[in-house]
Amino acid sequence: SVSGMAAAGQEPGDAGPEEFLYGEEDFVLQAAGWGGEPGSAPSRFDRALLERWDDRMERGLFRYRLGPLPTRLLPGPMRMVAQLNVQRGTERRPPQPVQSLRQPFDPAAFNFTRLRPAELLLRLRRPGGPDPLLVAINDSPLERGHVLLLPEPARGLPQALTAPLLRGGLEAALLSAHPGFRLGFNGLGGCASVNHLHLHGFYLRRPLLVESAPARPLGPPHGPGLLTAVPAPAFLFYAAGPAGLEAVARDASRAAERLADTGLAYNLLITRGDPPGGPAPDGQRGLRVLLWARRPSFGAKAGAAFNVALCELAGYLPLPEARLFEEITEEEALRAIREHLLPEPQLLRLGEDLARLLAD
């Protein structure tokens, strides 16, 4: 069947990634609810990813051992999730210096062609579908199952979002049965730490407000909406199911390109979520793509309590220090996040511009 796993007899991880062939029949149209235990009804993709990920953790391929992480919900309407991850703060590879939104790929800097074969877990491929994606461990993980999705690393593409990569990420989201499997992109000037094209994928076992908050439409019915009652206002694109993925990948990547053209950085999140108007009467959920426009920041910010990248914008705060984790309030977190965002009038003008762009 299309769903077969090639090279099953290999010692896991020693010959690089296993081919993971999938078809539309592997898409999980409605993920499990939040009630079940993590991994209570994993899909074939979840099992393949997590078994290999756990194997690499046992074999010491990560920069640190990851156990259960202290996690708490910050009191307040934004329902932000704080999580203490001291080792990621201290052990991760220093981010690459980024000087511009259009910085070319530099083969002399660290890049994903340098990953060891055992760090590659899977090669996702759908016959007749988008370009294959390699799934590799992130050696400084946020959570169990934190991976990178890489489109042909040998091509040396810089970290600028493409429609084919976004389409592959949307399909990967549908391959998971876990409601908290999310994918995301940090652009240059938006805390990308490696200038080599990649998405992050990770399991966060908590719901986030960005999955359910209603959006206000910005133009034509199928155009982007604007989410405002969330930690960081975002442009929202929505696909009710597999038939909508192509258009969402095209529109969201065109919008991201327009942001870079106007001198803005961006971050993006793919998550299961409600239709733009809010929960559907029948409970059906599709895929939400959130695109954040931001002022570019180049280099680490002195005195910042935490970096602001896709997780923080989505309301998930991986924090490096116990006291900060215990004491941070929603108000303090929002202040730190919103320093990077655009004033509302500029955001609204930008929304009108994107609605016109995508109506063409």
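These entries record what I looked up in a predicted model of one protein chain.

**Entry 1: the whole chain**

I began with the secondary structure and found eight helices and 14 strands in the protein chain. I then took the extents of the C-alpha trace along its principal axes, which are about 60 × 45 × 45 Å. For the radius of gyration I noted 19 Å; a compact globule of 360 residues would have a value near 21 Å, so the two agree.

Next I looked up burial and surface. Of the 360 residues, 55% count as buried. The accessible surface comes to about 15,000 Å², and carbon and sulfur atoms hold 54% of this area. Among contacts with a separation of 6 or more, I found that 73% join residues 24 or more positions apart. I also located the charges: the mean positions of the 39 positive and 40 negative ones lie 2 Å apart.

**Entry 2: helix α4**

I checked the length of α4, residues 245–261. Its 17 residues should span 24 Å at 1.5 Å a residue, and the end C-alpha atoms are 24 Å apart, so the helix agrees with expectation. I listed its buried residues as Leu245, Val248, Ala249, Asp251, Ala252, Ser253, Ala255, Ala256, Leu259 and Ala260. An α-helix has 3.6 residues a turn, so residues three or four places apart point the same way.

Which elements cover these buried residues of α4? I found α3 (163–175), β11 (234–239), β12 (265–273), β13 (286–294) and α8 (344–359) among them. Just after α4, I noted that glycine 263 takes a positive phi of about 85°.

**Entry 3: helix α8**

The 16 residues of α8 reach 22 Å from first C-alpha to last, close to the 22 Å expected at 1.5 Å a residue. In α8 I recorded Leu347, Leu350, Gly351, Asp353, Leu354, Ala355, Leu357 and Leu358 as buried. Their cover includes β10 (225–227), β11, α4 and β13.

**Entry 4: phenylalanine 112**

I placed phenylalanine 112 in the loop between α2 (86–91) and β4 (120–125). Is this residue buried or exposed? Phenylalanine 112 has a relative accessibility of 7% and therefore counts as buried, the cut-off being under 20%.

Leaving aside residues up to four places away in sequence, I found that phenylalanine 112 touches Leu148, Leu150, Pro153, Val194, His196 and His198.

Notes
Residues numbered from 1 in each chain as written. Predicted model: local features only at pLDDT ≥ 70, side-chain atom pairs only at ≥ 80, totals over all residues. Heavy atoms only, no water. Helix = DSSP H or I, 4+ residues; strand = E, 2+ residues; numbered from the N terminus. Expected span 1.5 Å × (residues − 1). Buried < 20%, exposed > 50% of the residue type's maximum accessible area, 1.4 Å probe, protein only. Contact = heavy atoms within 4.5 Å. Rg over C-alpha atoms; globule rule 2.2 N^0.38 Å. Areas by Shrake-Rupley, 256 points an atom, 1.4 Å probe, with all protein chains shown as cover. Lys, Arg positive; Asp, Glu negative; His and termini not counted. Charge placed at Lys NZ, Arg CZ, Asp CG, Glu CD.
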